There are 6 protein chains.
Amino acid sequence: MYSVCVRDHIMIAHSFRGEAFGPAQRLHGATYVVDVEFSRPELDADGLVVDIGLASRTLRALLADLDYRNLDEEPAFQGRNTTTEFLARVIFDRMAAQVSAGALGAGARAIAALRVQLSESHVAWAAYASELPQRSRP
Amino acid sequence: MYSVCVRDHIMIAHSFRGEAFGPAQRLHGATYVVDVEFSRPELDADGLVVDIGLASRTLRALLADLDYRNLDEEPAFQGRNTTTEFLARVIFDRMAAQVSAGALGAGARAIAALRVQLSESHVAWAAYASELPQRSRP
Amino acid sequence: MYSVCVRDHIMIAHSFRGEAFGPAQRLHGATYVVDVEFSRPELDADGLVVDIGLASRTLRALLADLDYRNLDEEPAFQGRNTTTEFLARVIFDRMAAQVSAGALGAGARAIAALRVQLSESHVAWAAYASELPQRSRP
Amino acid sequence: MYSVCVRDHIMIAHSFRGEAFGPAQRLHGATYVVDVEFSRPELDADGLVVDIGLASRTLRALLADLDYRNLDEEPAFQGRNTTTEFLARVIFDRMAAQVSAGALGAGARAIAALRVQLSESHVAWAAYASELPQRSRP
Amino acid sequence: MYSVCVRDHIMIAHSFRGEAFGPAQRLHGATYVVDVEFSRPELDADGLVVDIGLASRTLRALLADLDYRNLDEEPAFQGRNTTTEFLARVIFDRMAAQVSAGALGAGARAIAALRVQLSESHVAWAAYASELPQRSRP
Amino acid sequence: MYSVCVRDHIMIAHSFRGEAFGPAQRLHGATYVVDVEFSRPELDADGLVVDIGLASRTLRALLADLDYRNLDEEPAFQGRNTTTEFLARVIFDRMAAQVSAGALGAGARAIAALRVQLSESHVAWAAYASELPQRSRP
């Protein structure tokens, strides 16, 4: 399996509900360094997993909806704890939709799996990884 | 699959037996930067793979039994080469036992896999990864 | 000159006032990976710049007053933009006071300079560095 | 599964053909930080996945054929875009051949999988990973 | 002294002349991860050393003249070895000119020193640092 | 000022004497990632601070006298705590002697300063930096 990974970051505020979170129940924030890894079994005709420039721009556009925000006020996340692992899944789902919609190029529909990792500090990260549904591949 | 990873480190002395080890047959030492990754297919009710604070404290307690020691003198390792890959397995087994015993919370028994990586320098690391037995999951 | 540096981190929320800040005028947040470097011209009798364990615990205690907070609501920062460089200075001043008060050991009063760096992402950091006043050194 | 990873690097020139590459169609270059990860289900009698020293020297020898070269002029790559993901596969294949030929020691034929990652910058990397054929294992 | 540092990168081809360079006399290439550090004794009215967004965009524009190029063919570098330390100085001079010209804002003319570091691999970097001339500061 | 830095590492055992060291009074060990930075005001005729290849080989040779050893048994260190900051000075002095002896090339005698940093973990490092005596420079 071939993989390509691109990196960007977001800076958000949020708070958590639940005793398990201790002081993180207060409004605080995080820088998430976001790595998105695209995988597929064969390269395309150009020798690529995905156009890195296009992947980076797509990631930036997708992250712009989260960046510099208080996630407690985002309608999409009402009633949810926006933990690092939860946000990894959110970004996974949004990038998977972009792949499926052809935003990374028609050839990129051959991407078979994604993995999204959010590093929240030098000592902790979370990730969500899954294969992509392949229903529409001819 | 969701994952969460926490990082800590230990500083140990040891020596190796076997010609393959060359100068590492002499008593020397290492800093191991230890990454423990917990994975499970679904998040718990709080939106977590595992309570990061609890995971970090459990890792610290577990590493305290190895930290600042000469592993050549540890009864548990007699007759064994305490290579980086061997130690990754030791820490894996001890953390798996903690998960199984409920030390990371009752919900953490849903953790399906662990991966333990020990970075011994800026140019080498070793790891042990495996699924966890799921016998007691209702 | 000898130096020793210890690392920890904080996760805070804040917002900025001023058109220069663009989207960062919204409430957002950051993880700051904090490096505090202690320097002195000669080592102490133990061969140390500073007791690393004591330095790490002092840094943790000092950061606990900032960690998991919305800095917009901290009385100490009213009317100020809590930029990365501003916070580097805040932590510098607080650590300098600890050094001066003997919290890092009597011998640590020989520390001649501090440098505090806050890394806010994989692509940006800020720092404040200065010599310490040496008035009380016999 | 146990893994051991060693790191080295190469510095090469090349250019790409195809509109997707934009300015990278010009002759340019890259430093690739190369991580090769060896995996196997059980350790050998010495407690090793692979002799790290031998693995590092084998990787260096293998990379010497690529290092400090203009890949556009290498006969082996004529008509191909030497993308990061393509080169990860090239290095994978060459290391797999070394494992198969016994260059990493007779015991290293038990290596079950390889993963080769090339980091091209602080914000992008590519990899190729696969199991190794096990035909000759008694 | 306060400092702020921003990071970007370039990917270039070049060759060196002189026996000291060994195999690096062949046409090869490099990724340079570029860190530019801006320093000044006092913050501006916004609490900034420099507008990080503006500094990042200025650095990107400046690097675009070097990125994805064969430096052997650049008229500006004829007869020179474009070593890492030489290029650190080139980028220093170009950024210093931008600061002086007001491209980083009128207030940024208070920047007193720059440091430019180019990391060429995980095991080597070069830098050029100097104070800036302060002739025009009222 | 121009600088060039090269990186290598050592893996040693040692113990400390003094109550301040707590559990580190036991025999333990460390990986030290060693960065040696060479600085000079002007580049040589080749456009270099120092020949990186020669600097790396000199560093490796110098570190070989420390690598894979129990520093408690080294005659040179009897009666001393081989703290990270102490070892930074040891490596500084040995490299300074190499520079002075011409081991890095006759031109490298123009090197005006050295800085040696030893990273002992992902959360702590120590360094020693000083100008070099310039007595023999014509």
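Which kind of contact do the side chains of E:Asp35 and E:Arg7 form? The first point below takes up this question; the model under discussion is a predicted one.

1. The side chains of E:Asp35 and E:Arg7 form a salt bridge, with 2.7 Å from N to O. E:Asp35 belongs to strand E2 (residues 28-40) of chain E and E:Arg7 to strand E1 (residues 2-14) of that chain, so the pair ties together parts 28 residues apart in sequence. As to accessibility, E:Asp35 is buried, its relative accessible area being 8%. E:Arg7, by contrast, is partly exposed, at 32%.

2. Chain D also has a salt bridge to note, between D:Asp35 and D:Arg7, whose closest N and O atoms are 2.7 Å apart. Because D:Asp35 lies in strand E2 (residues 28-40) of chain D and D:Arg7 in strand E1 (residues 2-14) of chain D, this pair ties together parts that are 28 residues apart in sequence. D:Asp35 counts as buried at 8% relative accessibility, whereas D:Arg7 counts as partly exposed at 31%.

3. The partners are F:Asp93 and F:Arg89, with an N to O distance of 3.1 Å. Both residues lie in helix H2 (residues 84-100) of chain F, four residues apart, or about one turn of the helix. F:Asp93 is partly exposed, with a relative accessibility of 37%, and F:Arg89 is likewise partly exposed, with 27%.

4. Over all chains, the structure holds 24 salt bridges. Some residues are joined in a network: in chain A, salt bridges link A:Asp8, A:Arg60 and A:Asp67.

5. The size of an interface is often given as the accessible area lost when the parts come together. For chain C and chain A the buried area is about 1900 Å², and 63% of it is on carbon and sulfur atoms.

6. How many salt bridges are there between chain C and chain A? The count is zero. Polar contacts, however, are present between chain C and chain A: they involve 11 residue pairs, both residues being at pLDDT 80 or more.

7. Some pairs of chains do not touch. Chain A and chain E are one such pair, their nearest C-alpha atoms being 12 Å apart. Chain D and chain F are another, and their nearest C-alpha atoms are also 12 Å apart.

8. The cysteines call for a comment. The count of disulfides over all chains is zero. A:Cys5 is in no disulfide, and the nearest cysteine sulfur, that of D:Cys5, is 15 Å away. A:Cys5 counts as buried, at 2% relative accessibility. C:Cys5 is buried as well, at 2%.

9. The last point concerns a loop residue of chain E. E:Ser15 lies in the loop between E1 and E2 of chain E. Is E:Ser15 buried or exposed? At 19% relative accessibility, E:Ser15 counts as buried, because the cut-off for that class is under 20%. The side chain of E:Ser15 makes a polar contact with that of E:Asp72, at 2.6 Å. Leaving aside residues up to four places away in sequence, E:Ser15 touches several residues, among them E:Ala24, E:Leu27, E:His28 and E:Asn81.

Notes:
Residues numbered from 1 in each chain as written. Chains lettered and ligands numbered in written order. Predicted model: local features only at pLDDT ≥ 70, side-chain atom pairs only at ≥ 80, totals over all residues. Heavy atoms only, no water. Disulfide = S-S within 2.5 Å. Buried < 20%, exposed > 50% of the residue type's maximum accessible area, 1.4 Å probe, protein only. Contact = heavy atoms within 4.5 Å. Buried area = accessible area lost by both parts, 1.4 Å probe. Salt bridge = Lys/Arg side-chain N within 4 Å of Asp/Glu carboxyl O. Polar contact = N/O pair within 3.5 Å; in protein donor to acceptor, adjacent residues only side chain to side chain. Helix = DSSP H or I, 4+ residues; strand = E, 2+ residues; numbered from the N terminus.
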